[in-house]
Amino acid sequence: MRTTAPAALPSAVLFDMDGTLVDTEVLWWETAREVAAGLGHRLSDADAPEVVGRAVADTAAHLIGVTGGDPSKLPATAAELTDSFFRKVDAGAPLRPGAAALLASLEAAGVPFALVSASPRSVVDAVVAGSLAGVDFAFTLSADDTVRTKPHPDPYRAAAERFAADPAACVAVEDSPDGTASADAAGCAVLVVPSLLPVAPGQGRTFARSLEEVDLGVLADCLRRP
């Protein structure tokens, strides 16, 4: 009798943080809205592509540009965004549905996983010490740990290198267009679980409505998607 060999599991699973594992995208939007209001701008859906899933410096540059502000105030605006977001996250950010169960299943199966975020190190450390306390990440990467962050491929390339793994054997789990673009450019298979912004279909992208739908089989199937 012929049997079908089980699908190979990923060499590593690389998780985005904000909007993927923890419900912080709403907190980030609230932060950007408050800072924008201080600059005389009312944040709207038109701003979303420059805010959701973007690094602090990118959002700060957008707010300065859209308000015609002084470019020299960019560092101060970025610092205000970071400090305000940190306070909100530090007060507590809930896990996304299915996140805890998926992380536990990876640990039980011995599949290594890491956190790859576009948030500053201070925010990543606060979330890992709070909402994600006790999760056995192999390591965490923040926006401060690579020369360029998402949507550039640097973060996911760096994560694969730290695992000594081929990016094509890794699955990145993302929720935003920029994060997905970053993982795509690095050569990873991508499991997209959208949150605030829709993500376009594309080669190598698998979609799920929630992490509650994701198990080891789904992650293995991501590697086989053309």
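1. Phe15 and Phe113 are both buried, where buried stands for under 20% relative accessible area, exposed for over 50% and partly exposed for values in between (1.4 Å probe, protein chains only). The model is predicted, with local features needing pLDDT of at least 70 and side-chain atom pairs pLDDT 80 or more, while totals for chains, interfaces and linings use all residues. Residues are numbered from 1 along each chain as its sequence is written, and side-chain values use heavy atoms, leaving out hydrogens and water.

2. The ring centres of Phe15 and Phe113 lie 6.3 Å apart with planes at 85°, so this pair is edge-to-face; rings of Phe, Tyr and Trp (its six-membered ring) pair if their centres are within 6.5 Å, and planes under 30 degrees apart are stacked, over 60 edge-to-face and the rest tilted. Phe15 belongs to strand 1 and Phe113 to strand 2, 98 residues apart, helices (H or I, at least four residues) and strands (E, at least two) being DSSP runs numbered from the N terminus. Ring pairs join Phe15, Phe113 and Phe137 into a cluster.

3. In helix 4 (residues 99-109), Ala99, Leu102, Leu103 and Leu106 are buried. Seen down the helix axis, the buried residues of helix 4 fall within an arc of 95°, so they line one face, the arc being that of the directions from the helix axis to the C-beta atoms. The face turned away from the buried side of helix 4 carries the exposed Ala101 and Ala108.

4. Ser176, in the loop between strand 4 (170-174) and helix 7 (177-186), is buried, with a relative accessible area of 2%.
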